[in-house]
Amino acid sequence: ALGFNKLERAQDLLFRLKKHFASHGALQYTQGKWYPGEPIPRWALNCYWRKDGEVLWQNEQLFAQIDGENTHFVEDAQSFIQTLARRLNITEDCISPAYEDTYYYLWKEGNIPENVDPIEFAKKPGEERIHFRRLLQQGFDSVTGYTMPLADVTYVNGTVSWYSSPWGFRGKYLFLLPGDSPMGLRLPLNSVRSEPPALQHQLRERDPMEMRKPLPQSPSDLRSDILITPASAPYNVVRTALCVEPRDGKLHIFMPPVTTLEAWVDLLYTIEQTATEVNIPVILEGYPPPIDPRLNFFKITPDPGVIEVNVHPVDNWAELVKNTDILYAEARQSRLESFKFMVDGRQVGTGGGNHVTLGGYTPEDSPFLRRPDVLRSMVSFWQNHPSMSYLFSSTFIGPTSQAPRIDEARHENLYEMEIAFQQVQNNPNPPLWLVDRIFRNLLVDLTGNT
């Protein structure tokens with residue numbers, strides 16, 4: 001899946017599509033799928049923008065490119081996180097330098113046979129050896145990056161305040177878990193000061209049925225005047241953290257999970273203001289923003305032999321056709337095509353499912369949740385006309401294909417669907433959550449293709 005030059009092609013396509021759909025959007029590199037047998041998770045390139053058309057990220061030059069020539073080091077990371085903490089009203093005693101686990105890598109080095117040079121051992125191929133070679137070059141006592149525990153409080157009026165707490169460790173130093181992932185995914189959270197379960201810092205997702213107010217025109221209006229002190233903080237120990245890590249000469253900002261879109265937009269705005277002040281372009285990574293109908297996005301991810309693009313939702317078919325034409329044209333400029341040739345010369349699709357997802361921006365907008373009789377009619381029509389399924393299928397059909405039918409996985413599925421239809425029929429106006437619970441496990445693709 002992670003083929004040679006694939007990330008370079010995907011990033012080129014990302015910037016090309018951003019010019020069409022989100023000229024003032026934000027780019028974030030997040031963790032993608034992780035299949036058995038793969039050493040590390042795949043990457044995912046995301047582009048976010050506000051549906052109301054307002055600016056989300058002003059200066060595109062502050063986005064560092066993966067293949068760029070930036071040279072930034074630990075000193076720049078320290079300066080950046082200190083400036084960011086000041087803008088978030090966080091004291092510097094909450095910032096901790098992070099180190100690789102010296103004891104673990106000394107143990108690894110000690111297990112190398114005596115007649116093998118550790119430097120020569122590290123030159124052999126393999127993800128772990130590449131990481132080991134990098135550590136040998138920079139030294140085990142070097143700072144990997146800086147971390148700052150960070151949590152948000154979003155008030156009823158939509159404004160946001162931030163708070164933190166110092167992390168203390170038994171060994172006085174923050175040692176990262178061994179691995180190749182960004183440092184934000186390797187934080188030793190089990191070593192952070194323990195608290196009773198009832199008092200532990202928890203993230204609570206926002207109710208998807210909750211009404212959202214429009215975001216303010218300027219992100220600067222999101223910051224609350226309320227300063228949270230340790231005495232007034234909701235939790236004594238914050239267990240989510242923002243990290244700043246210099247990696248391959250670029251400054252990577254690991255975004256922590258937040259509770260609301262308002263908090264994410266405010267943090268993003270503060271990061272851009274900090275990058276402007278210190279004049280350092282950054283690469284955003286970490287946790288994506290909360291799912292929110294006020295935010296649009298498209299995503300580019302790798303798959304074996306292909307680059308998968310998930311475009312954003314649209315309101316009508318004409319807009320979908322327009323976006324698809326833009327995608328195909330820009331993909332060709334990125335030296336990508338949507339077809340391949342078989343051994344016998346036949347031209348076929350690249351193997352992707354070319355899925356079209358129907359629904360709504362919010363649960364209330366979904367015609368299938370509001371009108372389960374429409375969902376029943378559509379499923380029944382598709383089931384009783386098998387040619388429809390095979391018309392839209394690609395090279396493969398059956399339960400492991402890209403478009404499995406509900407009767408191709410388990411034979412009892414149709415019997416269970418009949419029971420589900422009866423539950424809907426007996427309740428003319430079922431609540432949205434009930435429709436979701438009735439059908440979610442019957443209409444899901446058990447093979448994970450869709």
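**Entry 1: the whole chain**

I began with contacts, meaning heavy atoms within 4.5 Å. Among contacts between residues at least 6 apart in sequence, 72% join residues at least 24 apart. I noted that this is a predicted model, where local features need pLDDT of at least 70, side-chain atom pairs count only at pLDDT 80 or more, and totals for chains, interfaces and linings use all residues. Residues are numbered from 1 along each chain as its sequence is written, and side-chain values use heavy atoms, with hydrogens and water left out.

Next I looked up burial. Buried means under 20% relative accessible area, exposed over 50%, and partly exposed in between, with a 1.4 Å probe and protein chains only. Of the 450 residues, 41% count as buried. The protein exposes about 25400 Å² (Shrake-Rupley method, 1.4 Å probe). Carbon and sulfur atoms supply 53% of that area.

I listed the secondary structure: 12 helices and 14 strands. These are DSSP runs, numbered from the N terminus: helices are H or I with at least four residues, strands are E with at least two.

**Entry 2: the cores**

Which residues have the most contacts inside the largest nonpolar core? I found F80, L242, W264 and I271, in a core of 64 residues. A nonpolar core is a set of buried Ala, Val, Leu, Ile, Met, Phe, Trp, Tyr and Cys residues joined through side-chain atoms within 4.5 Å. Helix α6 (residues 261-278) gives the largest share of this core, 9 residues. Apart from it lies another core of 14 residues, including F368 and V424.

I then followed L242. Not counting residues up to four places away in sequence, L242 touches I81, L84 and I271, among others.

**Entry 3: helix α2**

I turned to α2 (residues 74-87). This helix has 14 residues and reaches 20 Å from its first C-alpha to its last. That is close to the 20 Å expected at 1.5 Å a residue, where the expected span is 1.5 Å times one less than the number of residues. Buried in α2 are A77, F80, I81, T83, L84 and A85. Those buried residues pack against β4 (143-149), β8 (241-247), β9 (250-255), α6 and β10 (282-286). After α2 comes N89, with a positive phi near 60°.

**Entry 4: strand β8**

How many residues of β8 are buried? I counted 7 of the 7, so β8 is largely enclosed by the rest of the structure. A241, C243, E245 and R247 point one way. L242, V244 and P246 point the other way. In a regular strand the side chains alternate between the two faces of the sheet.

I checked the partners of β8; strands pair if DSSP finds at least two bridges between them. β4 and β8 pair in the antiparallel sense over 4 bridges, and M148 stands opposite L242. β8 and β9 also run antiparallel, joined by 5 bridges. There C243 stands opposite F254. β8 and β9 form a hairpin with 2 residues between them, and D248 in the turn has a positive phi of about 55°.

Is T270 buried or exposed? T270, in helix α6, is buried, with a relative accessible area of 3%. Beyond its neighbours within four places in sequence, T270 is in contact with L84, R87, L88 and R223.

Most residues other than glycine have a negative phi. I noted N279, with a positive phi of about 60°, in the loop between α6 and β10. N279 is exposed, at 60% relative accessibility. R335 has a positive phi of about 65° and sits in the loop between α7 (317-333) and β13 (339-341). R335 is exposed, at 66% relative accessibility.
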